[in-house]
Amino acid sequence: MAAKFLTLACIRNESFGGLSPRPHYPSMPKYPKGVSETERDVEGSEAKAVFSVIGMTCSACAGSVEKAVKRLPGIREAVVDVLNSRAQVMFYPSFVNEETIRETIEDVGFQATLIQDETNEKSIQVCRIRINGMTCTSCTSTVESSLQALHGVQKAQVALATEEARVHYDPKIINHNQLLEAIEDAGFEAILISAGEDMSKIQIKVDGVGTDNSMRILENSLRALPGVQDIDVDPTVRKFSLSYKPDVTGPRNLINVIESTGTGRYKAAISPEGGREVHRKEEIKQYYRSFLWSLVFTIPVFLTSMVFMYIPGLKHGLDTKVVNMLSIGEILRWVLSTPVQFVIGRRFYTGSYKALRHGSANMDVLIALGTNAAYFYSVYSVLRAATSEDFKSTDFFETSSMLISFILLGKYLEVLAKGKTSDAIAKLMDLSPETAILLALDSEGNVINEEEIDSRLIQKNDVIKILPGAKVASDGFVIWGQSHVNESMITGEARPVAKRKGDTVIGGTVNENGVLHIKATRVGSESALSQIVQLVESAQMAKAPVQKFADRISKYFVPLVIALSLSTFLAWFLAGKFHGYPKSWIPSSMDSFQLALQFGISVMVIACPCALGLATPTAVMVGTGVGASQGVLIKGGQALESAHKVNCIVFDKTGTLTVGKPVVVNTRLLKNMVLQEFYELVAATEVNSEHPLAKAIVEYAKKFREDEENPTWPGAKDFVSITGHGVKAIVRNKEIIVGNKSLMLDQKIVIPVDAEDMLEEIEEMAQTGILISIDGELTGVLAISDPLKPGARDVISILKSMKVKSILVTGDNWGTANSIAQEVGIETVIAEAKPEHKAEKVKNLQASGYTVAMVGDGINDSPALVAADVGMAIGAGTDIAIEAADIVLMKSNLEDVITAIDLSRKTFSRIRLNYIWALGYNLLGIPIAAGALFPSSGFRLPPWIAGAAMAASSVSVVCCSLLLKYYKRPKKLDALEMQGVRIE
């Protein structure tokens with residue numbers, strides 16, 4: 001895990017140009033010079049080596065190792081993990097080997113050993129499966145327990161709201177087909193979304209193919225392509241489903257092979273995959289059709305039993321006897337209600353059977369029992385009337401058919417509303433443009449051809465032209481042109497970001513004013529947009545701890561309701577039998593048995609386990625979606641639940657409270673010398689260091705060499721980096737030492753009183769003082785400032801008003817830390833803290849009873865982010881995979897910390913409201929349905945109204961969650977005009 005954090009450390013340092021700060025983007029894959037496309041694409045040509053590196057103490061050490069390794073030919077990627085003392089290198093063995101890499105690391109000054117047993121493959125894969133047919137938390141528990149019981153499954157999460165399962169499994173023990181079988185054995189339909197392999201999937205439809213033999217020829221041609229892993233053929237619709245490695249091949253290659261095989265006769269195109277939205281639309285259509293058909297039969301049943309009885313002519317016709325006491329009206333109702341009960345209501349029977357087969361009971365069981373009781377009692381009553389000359393039948397056919405109709409209406413509205421909860425994901429997916437302009441370049445890089453293609457056909461390393469006003473078609477970097485790009489739809493950054501050669505761009509963002517040529521680096525499921533969508537979908541899968549409350553209730557809910565229903569029936573029946581209540585209470589149209597039966601059925605159908613099951617996941621879905629649209633990515637219900645309790649926030653200083661871009665603000669010389677010559681010597685020493693302060697000094701020194709864009713500095717010999725203190729080297733035969741006060745004292749360099757005063761003054765101004773010694777004499781003092789983010793003080797003030805305590809933890813000196821804290825209004829400060837000390841401080845605060853959030857950049861403060869109840873990574877840009885963070889803030893704005901906490905509080909209050917409604921509904925509804933008000937007021941709830949109330953309760957919970965879509969951040973933030981900060 002920590003390796004990923006340090007990947008980000010390296011990424012941060014690779015910024016281009018003088019624009020700052022901007023969202024930070026992952027580094028691009030690099031190939032050695034002279035590697036051709038074919039060599040690159042050879043399967044297995046890339047190797048991985050992991051080294052143990054002893055002696056690293058900070059991210060500057062990691063940076064020097066990484067820089068040295070990346071200079072070697074044939075290095076694709078190098079990631080250094082200072083916390084675990086490891087380096088992971090992806091390389092091309094035809095250009096470089098492990099021994100050369102190891103020697104290079106040792107040349108930097110660290111002991112390196114190759115770790116032989118490091119496996120190249122992840123042993124655990126994550127599989128995503130869509131599940132159709134789940135109705136309540138009882139269903140999700142059934143599926144979860146079926147999956148957990150399988151050998152090789154580590155963890156299974158099933159989400160009712162998204163109708164998906166996410167299964168962590170060992171592919172050596174079990175495969176995804178066995179997972180699908182287990183779900184289908186549990187009685188639900190399972191569709192594989194992704195199997196977890198590092199592959200892309202695509203469906204291609206082919207027109208013009210005449211025979212199955214032609215399909216086999218095409219299949220063999222596709223299988224022969226390098227990078228193609230798996231092919232499923234559906235000859236009936238002439239469709240191929242392929243899995244392929246995006247590093248080796250792409251959709252355009254696949255389509256070209258198909259079309260060239262058919263010598264122009266075949267036309268191939270990407271077929272849209274049946275995603276969650278397609279399934280949702282189909283489900284909405286099904287419920288709508290079922291509801292309309294049920295109305296066709298139910299309305300006549302309702303009219304004959306409730307309305308026509310009061311119209312004299314019609315009443316006489318319906319009461320006409322056919323056989324003994326059997327009337328025409330009863331036959332009509334029986335005939336009309338039967339298709340509703342057994343054809344339209346078939347879904348409830350199948351759902352009940354599947355649930356009972358696995359020893360659980362769900363909502364379908366309650367509906368099936370309630371409607372069957374009404375229907376079969378009515379059948380008994382009608383048959384008895386047909387065989388008796390004096391028995392007057394009373395049927396409840398309208399109860400069963402109206403009950404099913406209202407429940408179908410409720411399910412239709414529920415599915416409709418549930419679809420709206422994932423609007424945020426749908427909007428993100430719609431950001432990708434439909435077409436792109438593909439450029440063909442000659443060997444010198446000149447454009448020789450332009451072609452408009454489907455954006456889904458873009459492959460890695462394609463060169464794409466982006467016109468002004470057009471959407472960027474793929475993640476990549478600019479190889480020609482200058483422009484400003486609006487990235488607000490992805491990162492939430494309001495101002496357009498300047499782009500020039502070498503800068504990274506994100507797919508789905510909008511090019512404002514200039515033409516850009518970009519090289520595609522991440523396509524399909526690897527793109528930033530896809531990763532954000534996946535992260536939000538994962539968040540919607542993760543259950544909040546409060547969901548366990550509903551899960552516990554759901555286990556006993558249905559059996560308890562059945563027991564209550566039977567008890568209600570028996571209580572009323574026995575009370576009637578033994579004259580426990582006056583006969584005047586019984587309506588004229590029924591006897592005591594029928595009255596008791598109606599009460600029993602009403603209790604059974606009014607109880608609603610669905611509302612309880614949907615209370616948390618629908619609110620989490622909407623909340624995480626709203627957060628994503630504002631650049632706040634909340635990783636699931638656990639993070640949401642912890643964030644709403646936060647009452648203490650620990651802030652890192654650099655890049656969190658400050659801009660994170662140090663600049664030299666003052667230079668004071670203690671000896672007579674030309675400032676340009678002074679900076680020549682200092683820059684020549686510091687250019688070898690990866691430290692941010694060193695980069696700030698080199699950047700400032702460039703101002704004295706305005707004529708050169710990339711000046712060459714004098715050569716430095718015997719360069720030594722003293723971790724946490726500074727650097728020294730020999731430049732132009734002079735010994736140059738650049739560092740802090742303790743380094744000077746260690747090197748026995750005398751610090752004059754006026755230099756001491758300067759340092760004190762610098763630290764009081766919340767700046768960092770750097771001392772420079774030339775040939776053993778202190779020559780100059782530099783003041784380096786990392787400016788505060790605008791509005792930081794206001795943010796701390798707003799947090800105080802929200803009863804949230806703020807603490808500053810930094811590795812900087814006490815003087816600077818105290819000055820920064822005073823400036824922003826933070827009272828508690830911890831300075832000169834190493835990464836592990838930050839984590840200890842977080843644990844101490846938790847032991848004191850605080851719920852702690854840690855806000856940092858996700859690099860050197862990753863231990864503290866993990867230790868905190870809520871880790872917030874700020875200014876992540878598209879590096880959203882920061883594993884240590886529970887909440888990823890894509891912008892560098894501190895105000896998003898308040899947005900994250902406020903959104904989680906609003907979401908959680910909505911969850912509470914949902915639970916109060918769902919529980920309150922059941923606690924009030926069941927006694928009313930059981931006839932609690934009947935003795936005093938004569939009020940009773942007919943079963944069909946009870947069923948309608950049950951359906952309405954689920955819909956109302958989903959609609960309550962949907963109100964979160966209109967979330968607005970706190971009004972106090974609107975006064976802050978702090979949309980990031982930029983230094984030229």
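# Close-up views of a predicted model

View 1. Which residues does T658 touch, not counting residues up to four places away in sequence? They are K653, D786, P787, L788, K789 and I820.

**View 2. The whole chain, for orientation.** The protein chain holds 34 helices and 36 strands. Of its 984 residues, 53% are buried. The accessible surface of the chain comes to about 42500 Å², and carbon and sulfur atoms account for 55% of that area. Taking contacts between residues at least 6 apart in sequence, 71% join residues at least 24 apart.

**View 3. Helix 4 and the residue after it.** Helix 4 spans residues 98–108, and its buried residues are I101, R102, T104 and I105. Seen down the axis of helix 4, these buried residues fall within an arc of 160°, so they line one face of the helix. G109 follows helix 4 and has a positive phi, near 120°.

**View 4. Strand 5 between its pairing partners.** Strand 5 covers residues 125–132; seven of its eight residues are buried, so the strand is largely enclosed by the rest of the structure. Strand 5 runs antiparallel to strand 7 (residues 164–169), and six bridges join the two. Within this pairing, I129 is opposite A165 of strand 7. Strand 5 also runs antiparallel to strand 8 (residues 189–194), here with five bridges. R130 has I191 in strand 8 as its bridge partner.

**View 5. K465 in strand 17.** K465 belongs to strand 17, which spans residues 463–466. Is K465 buried or exposed? Its relative accessible area is 18%, and K465 is buried because the cut-off for that class is under 20%. A polar contact of 2.9 Å links the side chain of K465 to the side chain of E450. Not counting residues up to four places away in sequence, K465 touches E450 together with I437, L439, V515, L516 and H517.

**View 6. V478 in strand 18.** V478 lies in strand 18 (residues 475–480) and is buried, with a relative accessible area of 1%. Leaving aside neighbours within four places in sequence, V478 is in contact with K499, R500, K501, G502, D503, V505, L516, H517 and I518. V505 is 27 residues from V478 along the chain, and the C-alpha atoms of the two are separated by 7.2 Å. L516 and H517 are among the contacts of V478, and both also touch K465 of the previous view.

View 7. Seven strands make up an open sheet with mixed pairing, in the order 24-36-35-34-25-32-33. Which strands are the edge strands? They are strand 24 (632–634) and strand 33 (828–830), each of which pairs on one side only. From one strand to the next, the twist averages 20°.

View 8. V632 has L889 in strand 36 as its bridge partner.

View 9. Strand 28 (residues 726–731) and strand 29 (residues 734–739) are antiparallel and pair over six bridges. A729 stands opposite I736 of strand 29. How many residues lie between the strands of this hairpin? There are two, and R732 takes a positive phi near 50°. Strand 29 also runs antiparallel to strand 30 (residues 768–774), with four bridges joining them. In that pairing, V738 is opposite I772 of strand 30.

Terms used:
Residues are numbered from 1 along each chain as its sequence is written. This is a predicted model: local features need pLDDT of at least 70, side-chain atom pairs count only at pLDDT 80 or more; totals for chains, interfaces and linings use all residues. Side-chain values use heavy atoms; hydrogens and water are left out. Buried means under 20% relative accessible area, exposed over 50%, partly exposed in between (1.4 Å probe, protein chains only). The arc is that of the directions from the helix axis to the C-beta atoms. Two strands pair if DSSP finds at least two bridges between them. Axes are lines fitted to C-alpha atoms, for helices over the stretch in contact, and angles run from 0 to 180 degrees between N-to-C directions. A polar contact is a pair of N or O atoms within 3.5 Å; within protein, one must be able to donate a hydrogen and the other to accept it, and residues adjacent in sequence count only if both atoms are side-chain atoms. Contact means heavy atoms within 4.5 Å. Accessible areas come from the Shrake-Rupley method with a 1.4 Å probe; for residues, only the protein chains shown count as cover.
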